[in-house]
Amino acid sequence: MRTPIGGHRPEPPPATAALLGAFLTGLRERVPLRTLWAHGSLAGGDHQEGRSDLDLVAVLDRPAAAEEERGLTELHRRLAATGGPPARALHCAYPDATAPDDPEHPHLAWAHGELTHRLLTPSPAANSTPSAWSCTATAPPRSCPR
């Protein structure tokens, strides 16, 4: 079952919650955001600020244009410079809704300080299964799917 943050899972620590709010606002200003999902420890409820990374998936309505990619790079770099350790641990994949349903199709992604194209694949960790993912926001704002 996919559970919105704030459901039965604990809220993220205050600094992480503030970062997620700033990130979501920045995404909505820069790309055609469909929905933002958390996975890993943040979705599973065992996130530890300062130790855990932030694994997010921002589904876009269409592929990001070159100018939007530059905007994403600027957003991530700005947050990393001002958002403290949680921001430097933020990783986000940007698959688009028009992409083929193919695990070999590379998607736009921010990880380890750079924007690149990579595969969006589940890791062997148990909390990477879609049932452990958590919808954090939709665009336009509406209820997250359950």
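Okay, some housekeeping. This is a predicted model, so to speak of local features we need pLDDT of at least 70, and side-chain atom pairs count only at pLDDT 80 or more, while totals for chains, interfaces and linings use all residues. Residues are numbered from 1 along each chain as its sequence is written, and side-chain values use heavy atoms, with hydrogens and water left out.

Let's start inside. Nonpolar side chains tend to be buried together in soluble globular proteins. Here, the largest nonpolar core has 25 residues. By that I mean buried Ala, Val, Leu, Ile, Met, Phe, Trp, Tyr and Cys residues joined through side-chain atoms within 4.5 Å. Buried is under 20% relative accessible area, exposed is over 50%, and partly exposed is in between, with a 1.4 Å probe and protein chains only.

Which members touch the most others? F23, L27, L56 and Y94. Several elements each supply at least two residues of this core, including strand 1 (33–39), strand 2 (54–60) and helix 3 (66–82). The largest share, five residues, comes from helix 1. Helices (H or I, at least four residues) and strands (E, at least two) are DSSP runs, numbered from the N terminus. Take L27: leaving out residues up to four places away in sequence, L27 touches L33, L36, A58, L72, L75 and Y94. Touching, or contact, is heavy atoms within 4.5 Å.

Now have a look at H91, in strand 3. Is H91 buried or exposed? Buried, at 15% relative accessible area. The H91 side chain makes a polar contact with the D53 side chain at 3.4 Å. A polar contact is a pair of N or O atoms within 3.5 Å; within protein, one must be able to donate a hydrogen and the other to accept it, and residues adjacent in sequence count only if both atoms are side-chain atoms.

Last stop, charges. The whole structure has five salt bridges, each a side-chain nitrogen of Lys or Arg within 4 Å of a carboxyl oxygen of Asp or Glu. E74 pairs with R30, closest N and O atoms 2.7 Å apart. That links helix 3 to helix 1, with the two residues 44 residues apart. E29, R30, E74 and R78 are linked in a salt-bridge network.

D61 also bridges to R34, at 2.8 Å between the closest N and O atoms. D61 sits in the loop between strand 2 and helix 3 and R34 in strand 1, so this pair ties together parts 27 residues apart in sequence.
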